[in-house]
Structure formats: C-alpha cells, structure tokens
Protein chains: 6
Amino acid sequence: MPYILIQVTDEGVTKDQKEAMIAGATDLMVKVLNKDPEATFVVIDEVNTDNWGHGGEAVTRRRQREAARKGAAK
Amino acid sequence: MPYILIQVTDEGVTKDQKEAMIAGATDLMVKVLNKDPEATFVVIDEVNTDNWGHGGEAVTRRRQREAARKGAAK
Amino acid sequence: MPYILIQVTDEGVTKDQKEAMIAGATDLMVKVLNKDPEATFVVIDEVNTDNWGHGGEAVTRRRQREAARKGAAK
Amino acid sequence: MPYILIQVTDEGVTKDQKEAMIAGATDLMVKVLNKDPEATFVVIDEVNTDNWGHGGEAVTRRRQREAARKGAAK
Amino acid sequence: MPYILIQVTDEGVTKDQKEAMIAGATDLMVKVLNKDPEATFVVIDEVNTDNWGHGGEAVTRRRQREAARKGAAK
Amino acid sequence: MPYILIQVTDEGVTKDQKEAMIAGATDLMVKVLNKDPEATFVVIDEVNTDNWGHGGEAVTRRRQREAARKGAAK
C-alpha cells in the first residue's frame with residue numbers, strides 16, 4: 001500500500017538511477033514495514049531548476065552563484 | 001472545495017479521456033458530497049513509465065517483461 | 001497504476017461517503033482508461049477548515065460569513 | 001522546514017514570475033513562522049490546460065468558451 | 001534538494017520505523033544521486049484505513065475480508 | 001486556478017498564522033500572476049515532527065540535539 005513520491009531537480013537523472021531509486025525505496029518499505037512490493041508505488045517527479053526554489057531563489061540562479069564562487073576561488 | 005489529483009502513466013491518454021476523467025471526478029464530488037463544481041479542481045499528472053515504479057521496478061521494464069511473456073505464450 | 005488523491009474539508013465526511021468516493025474514483029479509471037482496480041490507489045485527505053484557504057481566507061471564516069449573511073436574509 | 005507546492009496552469013509563466021513566487025512564498029514563511037529560508041523549498045508545477053479541470057471541464061475548453069462569449073459581447 | 005513523501009496506512013507505524021524510513025530514504029538519495037542530507041526532506045503521511053482505497057474498497061473493509069477468509073481457512 | 005500546498009511541522013501554528021499564510025499566498029498569486037482569489041486554493045498541512053525528516057533524522061530528534069547543544073553552550 002505505500003505510495004512514495006520522490007521529487008528531485010531535473011539535473012540529468014539517468015534511467016539506471018531511476019531504477020535504483022525505485023528498487024531502493026521499495027526495498028525500504030519491505031524491510032521497515034514488511035509491505036508487499038506488488039502493492040507499492042514509487043513516483044519520481046523531475047522538476048526544472050527554474051521551478052525549484054531553495055533559500056528564496058531558483059536553483060538555476062543558486063547553481064550559477066555556486067559556480068561563480070568556485071571559479072573565483074581557483 | 002475539493003482538489004483531486006489523478007496520477008497515471010503517460011501511456012497515450014487522449015484529450016477526450018482527460019475530459020471524461022475531469023467530468024467524472026467532478027460529478028462524483030457533486031453526487032457524494034454535494035460539492036460545487038465551480039469550486040472543484042481536478043489535476044491530471046501524466047508520469048513517464050521510467051518514472052513510475054511498481055513491484056520494485058519501473059513500469060517501462062514491467063511492460064517489456066509482460067510483452068515478452070505474452071509473446072512466449074503465443 | 002492510477003494514484004488518486006482526493007482532498008476535501010473535514011466537514012463530517014461519513015464512512016459510507018468515503019467508500020462511495022473510493023468506488024466511484026476506481027470505477028472511473030476502469031471505464032475511462034481500462035485500469036486494473038487491484039493496481040489503483042485512492043487516498044482521501046480530510047483538511048481542517050482552518051487549514052483550507054479559498055478566496056484569501058480560511059474556510060472556517062468563509063462559512064461563518066455565509067451563515068451570517070443567510071441569517072440576515074431571513 | 002517548509003515545503004511549498006505551487007500548482008498553476010502552464011499559461012506562459014515567465015522566469016521572473018517564478019523567481020517572484022519563490023521569493024514571495026519564502027518571505028511569507030519568514031514573516032509568519034520565522035522559518036529559515038535555507039530550509040525552505042518551493043516547487044512550482046506548471047500543468048497543461050488540458051490536464052486541469054475546473055467546473056467539470058478542462059481549462060482549455062473553459063478558456064475557449066470565455067473567449068467566444070467575450071467575442072460575442074463586442 | 002530532494003523532497004520525498006511516503007504515504008502509508010496508519011496501522012501502528014512506530015517511532016523507530018519512522019526514523020528507519022527517514023534515514024533509509026535520505027541514504028538512498030546520497031547513494032544514487034549524491035544529494036546533501038541537509039537539503040533533503042522526507043515527509044511521512046499516515047493515512048487512516050477508511051481513507052485509503054485499494055481495489056475499489058477501503059483498506060478497512062479489505063482487511064476485514066482478508067481476516068474472515070483466513071479465519072475460514074483454519 | 002492556483003492550488004498551493006504549504007507543509008510545515010506542527011509546532012504550534014496558530015489560527016492567525018494560518019490566516020496570514022492563506023492571505024499572503026493568495027495575494028502573491030494576484031500580484032505575480034493576476035489570478036482570481038475566488039479560484040485559488042491554499043491548503044496547509046501540519047506534519048508531526050516525528051514524521052518530518054531533515055538531514056536523515058526526524059525533526060523531533062534534531063530539535064532535541066539543538067536544545068542539548070544550546071544548553072551545553074550556556
């Protein structure tokens with residue numbers, strides 16, 4: 001019966017990584033709550049970095065700032 | 001006041017089917033709870049089959065296994 | 001595979017009404033998309049009227065205004 | 001710790017508008033609940049107008065009716 | 001940046017099990033996507049069995065049927 | 001048309017604070033996207049601190065650690 005929603009930014013998540021998240025989240029429900037995998041849904045929602053805000057700004061801008069700071073530090 | 005989220009895999013849902021789900025879900029709220037359609041939202045979220053896990057694997061892989069098994073059974 | 005979330009205000013939804021919403025939403029997925037009921041989840045989330053905003057105010061206050069207006073109209 | 005999901009129809013929301021919603025929603029959490037912006041997520045989900053139902057019909061159709069009615073009124 | 005929602009029925013989930021789900025889901029994001037735990041939210045939503053539908057009926061009723069069938073089989 | 005979900009931990013959010021979040025979030029949609037308040041829903045979900053994970057542990061435990069550290073620093 002578990003339903004698991006995994007929201008992450010759409011920064012190049014591969015098919016294998018999605019399979020690993022689906023298998024890992026399902027296994028977690030089996031191990032912790034003894035749930036039936038056949039009655040477990042995992043939904044992965046990839047969100048554009050313009051559409052995800054953290055610290056009051058879009059992740060797109062946040063990444064640009066981080067990159068500029070690292071560039072300046074070199 | 002009802003908000004209804006319908007998540008399905010993005011396996012070719014047509015415009016008419018979306019209208020039917022919107023009308024059907026709204027009617028259900030009217031019949032069961034006497035809710036005002038003008039204050040009822042229905043949101044349909046179509047999820048890529050790589051991004052939906054069922055039974056510990058992505059639906060993409062699950063569909064391939066089902067197709068292979070049917071092929072072998074013919 | 002469908003996952004359906006139905007959010008409504010917690011204004012006395014009965015057990016029978018919940019069964020009717022679950023059955024109705026599941027039947028809708030069968031009729032429109034030919035989905036398997038055994039792989040269909042319906043989750044009903046009852047939200048306190050203090051916690052649901054509509055028109056910029058909590059439904060609790062909105063209901064009080066509506067009741068006062070009806071009282072005045074008698 | 002706040003997580004805020006903002007679902008709107010995908011009717012041309014610009015990058016600046018997204019930044020304004022992210023900043024505004026984060027500021028709201030600071031002002032009202034004194035929350036840490038660095039521990040506040042805002043996710044904006046843009047939904048196709050075919051996939052958003054209001055009043056029992058898709059917003060696409062609703063907009064067309066509104067436009068036709070305005071056209072007739074001129 | 002990950003936000004993970006885990007919805008399960010409210011059938012006696014213990015505090016330790018919640019900690020195990022939180023730790024397990026966070027570790028999964030570290031291992032698969034190299035995400036920062038300090039920027040990872042996990043929210044567990046426990047849903048009353050009257051409010052969770054599976055196979056077109058509430059889990060409460062489904063559990064009663066399963067118990068009756070097991071009782072008859074003894 | 002906007003639907004806004006605000007999830008926060010259930011650490012004593014008052015009725016006035018809920019009204020302020022509902023009014024603030026609705027105003028934000030008016031200012032940024034010119035949306036109609038009468039077609040804007042805001043839902044506030046208060047989550048138990050045992051059920052919210054941040055940094056791989058439940059907020060309940062995280063708060064206890066923070067309190068212990070502050071106590072030791074005095």
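Start with β1(A) and strand β1 of chain E, residues 3–9. They run antiparallel, joined by 5 bridges. Here strands (E, at least two residues) and helices (H or I, at least four) are DSSP runs, numbered from the N terminus. Two strands pair if DSSP finds at least two bridges between them. One position to look at: A:Q7 stands opposite E:Y3 in β1(E).

Some ground rules. This is a predicted model: local features need pLDDT of at least 70, side-chain atom pairs count only at pLDDT 80 or more, and totals for chains, interfaces and linings use all residues. Residues are numbered from 1 along each chain as its sequence is written, chains are lettered from A and ligands numbered from 1 in the order in which they are written, and side-chain values use heavy atoms, with hydrogens and water left out.

Now the interface around that strand pair. How much area do chain A and chain E bury between them? About 2,100 Å², 73% of it on carbon and sulfur atoms. That is accessible area (1.4 Å probe) lost on putting the two parts together, summed over both. The contact (heavy atoms within 4.5 Å) takes 26 residues from chain A and 26 residues from chain E.

Polar terms next. Between chain A and chain E there are 0 salt bridges; the criterion is a Lys or Arg side-chain nitrogen within 4 Å of an Asp or Glu carboxyl oxygen. The count of residue pairs in polar contact is 5, both residues at pLDDT 80 or more. A polar contact is a pair of N or O atoms within 3.5 Å; within protein, one must be able to donate a hydrogen and the other to accept it, and residues adjacent in sequence count only if both atoms are side-chain atoms.

Who supplies the chain A side? β1 (3–9), α1 (15–33), β3 and α2 (59–73) each give at least two residues. α1(A) gives the most, with 9 residues.

On to symmetry. A rotation of 180° with 0.0 Å of shift along its axis superposes chain A on chain E, RMSD 0.0 Å. The same surface serves both copies: 100% of chain A's contact residues recur in chain E. A:L5 is the residue of chain A closest to the axis, at 2.5 Å (C-alpha).

Last, chain C on chain E. The rotation is 120°, the shift 0.0 Å, the RMSD 0.0 Å. That is the relation of a three-fold axis. In chain C, C:D45 comes closest to that axis, at 5.8 Å (C-alpha).

Conventions:
Least-squares fit on C-alpha atoms with pLDDT ≥ 70 in both.
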